[in-house]
Amino acid sequence: MLAAPALHAITPRFATRDRERVSTAVDDIEPGFQRLLDAVVRLDVWETTFDEGAKRTQHGVGSGVIMTREGHILTNAHVVNPYAERIMVTLNNLERVDAELVGWDHWTDLAVVKIDPDSLEKRGLSFDYAQFGDSAELVPGQTVYAVGTPNGLSRTVTRGIISNTDRYFEGSTVGRGYETGYFNTWLQTDAAINPGNSGGPLVLPDGRVIGINTRGYLGAENLGFAVPSDIARAVMDDLIHDSSIVRSYIGLRPGPMQDLENFYELESNRGMLVQSVDPGSPVAEAGLRPGDIVLEIDGQAMDGRFPEQLPAIQNFIASRAPGQTVNLKVKRGFQTIEMPVVTEPLESRIGEETALEGWGLGVQKISRSIAREENLDSTDGFVVVGVQPAFPAYEAGIRRGDVITKVNRQTLDSLKELEAIYQSYEADPQKTLIEVNRNHQVRFMVLKP
């Protein structure tokens, strides 16, 4: 009989203490951070994939953050790409709405999608949007938060610090093999970033976005990396305005000069090493060689001593307009050479892809890089990237790696033209003559119904 009153007396004190803790926690959260949480979304993406000449639909989950009052969402290019069949956005209030791709840039692994405004209006839904911070002002040790959907767990927040503001990775690939990482360095953080966090924001305590989470480091704990906001903001603006980003290419692959200055008899912090030259590229045609040292580009001195400096130099070249003449000042041995180079549009090595399922044939449009590697006269035609056994293409002798140059003696310069021939075949199956380049030899093969 004495225990009950004691229990009743203790309970209010616990409740008061809990309320005090909650009140203190709420006071620690800045208003801008709460707005940021309301702007972070989950992205469910269904995209077309191609498997050895057959089409498949693949579902993936990623993160994004709404960055404009019009509903533009910034995310990763490896989360959303042009093969997306459907994009569904889960808002912070758990409501789901459709979205469409505005544009993507695999070179920086960034993409922009936009919420369907009609869907919002019909259902009376609203959203908040976040604001950018200045990634150039960051210093190691600052507190940051990674927000997103790790492993499908929506609205997850992890806390850490900025570990490094200028982390360098040599260019790599994302998704279907698209090039990435040539034009920027990354922010490194120990805030936990897991699969599904991709595309979510890295933010300051006041909610300002200072990075877009892109990758974790496999086999290590708490090593995550984000595209700096200064890069993300520029890419987002260009994608919203033009749906794509035009860059220039000259075919120069730079290398760091560190520890080579004495060998080349150069002062420190002067020059950029030419590590390799793409065959058939503008600089190859101009006469640039591996081992040359680029001292200046358009009169601006180059400093490529450290690997971390190379992305900025590559971005400096890429920012030129295609077709523009770029003047290189090059040191070769004891000579200094002036070398004018005309830029080309930067293109991926990976061309547009499709599957002609009735033929059991997967093809990819020939890119300029592939044409040069295969010593082809033009970019007309298609690389075979998959063949289904027992289907007409396989029975005709077509194999992965072949280059289709003509169909029914007709040169084709787009996938639409090839798909039109295929659709005619489906409507009225007839023998189809395929001209193939294999190991620089021309072969003729016949697809039979």
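What is the volume of the largest pocket? In this predicted model, the largest pocket has a volume of about 690 Å³. Its lining comprises 34 residues. Those closest to the pocket centre are His78, Pro195, Gly196, Ser198 and Thr214. E1, E2 (54-66), E13 and E14 each supply at least two lining residues. Strand E2 gives the largest share, with 5 residues. By residue class, the pocket lining divides into 14 nonpolar, 16 polar and 4 charged residues.

The structure holds 1 cavity of 30 Å³ or more. The volume of the largest cavity is about 50 Å³. Its lining consists of Val40, Val41, Arg42, Thr90, Leu91, Asn92, Gly148, Thr149, Ser154 and Arg155. Strand E1 (residues 40-51) provides the largest share of this lining, 3 residues. The cavity lining divides into 3 nonpolar, 5 polar and 2 charged residues.

The barrel is closed and has 6 strands, in the order E7-E8-E11-E14-E13-E12. Its pairing is antiparallel. On average, neighbouring strands of this sheet are turned by 45° against each other, direction ignored. Helix H4 (residues 229-242) packs on the sheet and touches both E13 and E14. The direction of H4 makes about 50° with that of E14.

Strands of a sheet pair through backbone hydrogen bonds, either parallel or antiparallel. In this barrel, E14 has E11 on one side and E13 on the other in the strand order. Strand E13 (residues 209-216) is joined to E14 (residues 224-228) by 5 bridges, and the two run antiparallel. Isoleucine 212 stands opposite valine 227 in E14. Asparagine 213 has alanine 226 of E14 as its bridge partner. Strand E11 (residues 186-189) pairs with E14 over 3 bridges, again in the antiparallel sense. Here the bridge partner of glutamine 188 is phenylalanine 225 in E14.

Is strand E14 largely enclosed or left open? Of its 5 residues, 5 are buried, so E14 is largely enclosed by the rest of the structure. In a regular strand the side chains alternate between the two faces of the sheet.

Helix H7 (residues 310-318) is mostly covered as well, with 7 of its 9 residues buried. The buried residues are Leu310, Pro311, Ile313, Gln314, Phe316, Ile317 and Ala318. Their cover includes five strands: E15 (248-249), E16 (252-255), E17 (272-277), E18 (293-297) and E19 (300-301). An α-helix has 3.6 residues a turn, so residues three or four places apart point the same way.

Why does glutamine 314 count as buried? Its relative accessible area is 16%, and the cut-off for a buried residue is under 20%. Leaving aside neighbours within four places in sequence, glutamine 314 is in contact with Tyr182, Phe183 and Pro254.

Glutamate 285 is found in helix H6 (residues 282-286). This glutamate counts as exposed, because its relative accessibility is 65%. Its C-alpha atom is separated by 22 Å from that of methionine 302, which is 17 residues apart from glutamate 285 along the chain. Serine 424 has its place in helix H10 (residues 415-427). At 47% relative accessibility, this serine counts as partly exposed. The C-alpha atoms of serine 424 and glycine 386 are separated by 21 Å, and the two residues are 38 apart along the chain.

How values were computed
Residues numbered from 1 in each chain as written. Predicted model: local features only at pLDDT ≥ 70, side-chain atom pairs only at ≥ 80, totals over all residues. Heavy atoms only, no water. Buried < 20%, exposed > 50% of the residue type's maximum accessible area, 1.4 Å probe, protein only. Helix = DSSP H or I, 4+ residues; strand = E, 2+ residues; numbered from the N terminus. Contact = heavy atoms within 4.5 Å. Pairing = 2+ DSSP bridges. Axes fitted to C-alpha atoms, helices over the stretch in contact; angles between N-to-C directions. 1 Å grid on protein atoms, 1.4 Å probe; cavity = no way out; pocket = protein on both sides within 12 Å on 5 of 7 lines; lining within 4 Å. Points joined across faces, edges and corners; volume = space filled by probe spheres on them. Nonpolar A, V, L, I, M, F, W, Y, C, P; charged D, E, K, R; others polar.
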